[in-house]
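Let's work through a few exercises together. Take a look at the model first, then try each task before reading its solution.

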Amino acid sequence: MKSTDVELERLRIRREALRAELAADTSRATERAGRALCLSGGGYRAALFHLGSLLRLHETGLLAGTTLFSSVSGGSIVSAWLACRYLDTRTSSDESFAAWSDRIDFRASVVEPFRAVAARDLRTWPVLATLAHNWLAPSHRIALLERGYIRALGERTLDDLPEAPAFVFCATDLTFGVNWEFSRRRVGDYLAGYLRDGAQRTRLSAAVAASSSFPPVFGPVRFEAAPGDYQRGSYQGDDAPLLRSRIELSDGGVYDNLATEPSLRRYREVLVSDAGGPFVFESKRWWLQKLMRYTQVMSNQAEALRKRLFFGQAGSGAMIGAYWGLTGDRDEGADGYSPALVREVIGRIRTDLDRFLDPEFEVLVNHGYFACVDALWRQDDWISPNTQAATWPYPQRANENEVRRWLRYSHRRVLHRRWWGAS
């Protein structure tokens, strides 16, 4: 084993031991405070599912009291959008997020304007334009992806984000193999260290692009910084300067697709919106298919461990947790779409950054809304008796037979009706 591996393993063991100690010691629960909302990855599918959940959280008043938004990939798109809508539509720089949330028509101010964002294809042109040389210079494709985010989010830097609530966009540090954080407070990770003036020098669009650079379509993001720009890094091996000069970032879902890393040890209430798809049971015969299957199995294991950590802490009383998923178990009589429709149609919608049509937009918002309703119903002490009753955000998309017809091609990444401008 190389000295680098030994050093990293020692640091990981120390970190995991501390995490286990904190999780087991329920007396520390009283030291926790605040409410965190974790938004998973999954391209536009995830962004629209989360958008529906945000709408319901707004109706219950829980959104106004949220103090941390942690996100990866598709979750980062909608989280950044929420931050920008708050900054763009508040009455003054002194209007708090809670006051803004209580005042606005959330559907008109946040949900509906996102329809135009999801209607943009951020994937096809960057892929086609760089097809010949992406394997050699992936930064060009990432730059085109970021340009698409600039159209939606503007030229803001992380320093322009509000002080409260905190917005954290997670990527994966491929160099050190840990979670990389983009936020107003800091940019970096505990092994590489944190960049001096990182929030001032990093655009919000670049953070979202790094968080959503899903492999193999988008290659890793080379983070341009000199070794001396980092501070408080735990890794002190002889090769530390070389490693810090070659930091590469990938989709945050590679390390933690639930985006729970920034929240589980600090917050009293943790809500997780999970738009990840189900693990499909299948056998692969071709060698490339088998290679991809290995990756899928390892990813499934990592996500399962994240869920166990979340439910373990919630079960021990260390924190109060609520979880809802795209394909999670729901009662047959629950409001919203039936389990059969979710399993057979909605759960198969592609995870991508190409154009999403109006039926896809509205069905996913509906589904995220009612998945959140169901999860919060199980935590009835969170819901005030005066809370607005749950109603379909888009009742014209409630008919399940029609949903099956509208979404019959939504699992396809190519040869889809959207290529011919259908709506």
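Helices here are DSSP runs of H or I with at least four residues, and strands are runs of E with at least two, both numbered from the N terminus. Keep in mind that this is a predicted model.

**Exercise 1.** Work out how many helices and strands the chain has.

*Solution.* Going by those runs, the chain comes to 16 helices and 11 strands. Next, look at burial: 53% of the 423 residues are buried. As for contacts between residues at least 6 apart in sequence, 77% of them join residues at least 24 apart.

**Exercise 2.** Find out what α3 spans from its first C-alpha to its last, and why it counts as largely enclosed.

*Solution.* Start with the ends: α3 covers residues 74-89, which is 16 residues. Its span is 23 Å, close to the 22 Å expected at 1.5 Å a residue. Now for its surroundings. A residue is buried when its relative accessible area is under 20%. In α3 that holds for 14 of the 16 residues, so the rest of the structure largely encloses this helix.

**Exercise 3.** Describe how α8 and α10 cross, and which residues meet there.

*Solution.* First, the axes of α8 (residues 139-153) and α10 (residues 204-211) come within 8 Å and cross at roughly 130°. Angles from 65 to 115 degrees count as roughly perpendicular and those over 145 as roughly antiparallel. The two helices, α8 and α10, are therefore oblique to each other. The crossing of α8 past α10 is right-handed. Finally, the contact: α8 brings Leu145, Glu146, Tyr149, Ile150 and Leu153, while α10 brings Leu204, Ser205, Ala206, Val208 and Ala209. Sorted by type, the residues of this contact are 8 nonpolar, 1 polar and 1 charged.

Notes: Residues numbered from 1 in each chain as written. Predicted model: local features only at pLDDT ≥ 70, side-chain atom pairs only at ≥ 80, totals over all residues. Heavy atoms only, no water. Expected span 1.5 Å × (residues − 1). Buried < 20%, exposed > 50% of the residue type's maximum accessible area, 1.4 Å probe, protein only. Axes fitted to C-alpha atoms, helices over the stretch in contact; angles between N-to-C directions. Parallel < 35°, antiparallel > 145°, perpendicular 65-115°, else oblique. Left-handed = near helix turned anticlockwise from the far one by under 90°. Contact = heavy atoms within 4.5 Å. Nonpolar A, V, L, I, M, F, W, Y, C, P; charged D, E, K, R; others polar.
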